[in-house]
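The sequence and the structure come first.

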Amino acid sequence: MSKATKVSVGDVAPDFTLADQSGTPVRLGDLLGEKSVVLYFYPKDETPGCTIEARAFRDSYDKFSAKDAVVVGVSSDSVRSHGRFARRHNLPFLLLSDPDGAVRRLYGVEKTLGLLPGRVTYVIDQTGTVRHVYSSQLRATRHPREALMVLSALAGDRV
């Protein structure tokens, strides 16, 4: 039984294509180049922790944009569910549908207690290199803060 390889800091982020909340295919590689990507995996639309996390990303969205970063959420929910979730909470970023969990497995995002899909955020720089990984099932609002701190540090490196 082979264990999924976890994507770690310094790795090149595996490329993938998934449908967004409007059904449009989105390829990670197409988002990189001019922008960094904050890729966050979350368990399920409309659950308390995931809603709090999505709103925290929404409320910080201008800060991410100012740092030339795009936010992308991924869960196994359907395109339709993502569309409702994005509209209900005014989410200005992409939500990608990973119905069979293939991208989650590609990144090695583990389940919590073997049951609940993990909550993991990756900060990927413009070259496609993973610069930070933050994993916490319970501290949902810390994900955007962690990502912003890393983006600030990366911006400082380029000055």
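R131 and D125 are joined by a salt bridge between their side chains, with N and O 3.1 Å apart. A salt bridge here is a side-chain nitrogen of Lys or Arg within 4 Å of a carboxyl oxygen of Asp or Glu. R131 is partly exposed at 35% relative accessibility, whereas D125 is buried at 9%. Salt bridges with shared partners also connect D15, R27 and D30 into one network. Buried stands for under 20% relative accessible area, exposed for over 50%, and partly exposed for values in between (1.4 Å probe, protein chains only).

The model is predicted: local features need pLDDT of at least 70 and side-chain atom pairs count only at pLDDT 80 or more, while totals for chains, interfaces and linings use all residues. Residues are numbered from 1 along each chain as its sequence is written, and side-chain values use heavy atoms, with hydrogens and water left out.

The whole structure holds nine salt bridges. Among them are the following pairs.

| Salt bridge | N to O distance |
|---|---|
| R131 and D125 | 3.1 Å |
| D77 and K44 | 3.2 Å |
| D59 and R58 | 2.9 Å |

The pair D77 and K44 links distant parts of the chain, 33 residues apart. D77 sits in the loop between strand 4 (69-75) and helix 4 (79-88), and K44 in the loop between strand 3 (36-41) and helix 2 (48-59). Helices (H or I, at least four residues) and strands (E, at least two) are DSSP runs, numbered from the N terminus. D77 is buried, with 8% relative accessibility, and K44 is partly exposed at 44%.

Helix 4 has S81, H82, G83, F85 and A86 as its buried residues. These buried residues pack against helix 2, strand 4 and strand 5 (94-97). Just after helix 4, N90 has a positive phi of about 50°. A86, with a relative accessible area of 8%, is buried. Its contacts (heavy atoms within 4.5 Å) include Q21, L91 and L95, leaving aside residues up to four places away in sequence.

Q21 belongs to the loop between strand 1 (17-19) and strand 2 (25-27). Leaving out residues up to four places away in sequence, Q21 touches V79, H82, G83, A86, F93, L94 and L95. Two polar contacts of the Q21 side chain can be listed: the backbone oxygen of F93 at 3.0 Å and the backbone nitrogen of L95 at 2.8 Å. A polar contact is a pair of N or O atoms within 3.5 Å; within protein, one must be able to donate a hydrogen and the other to accept it, and residues adjacent in sequence count only if both atoms are side-chain atoms.

The second largest pocket has a volume of about 160 Å³. Its lining comprises 16 residues, of which K6, V109, E110, V120 and S135 are the closest to the centre. Strand 6 (111-112), strand 8 (120-124) and strand 9 (130-135) each give two or more residues to this lining. A pocket is an open set of points on a 1 Å grid over the protein atoms alone, where a 1.4 Å probe fits, with protein on both sides within 12 Å along at least five of seven lines; lining residues have an atom within 4 Å of a point.

Note on methods
Points joined across faces, edges and corners; volume = space filled by probe spheres on them.
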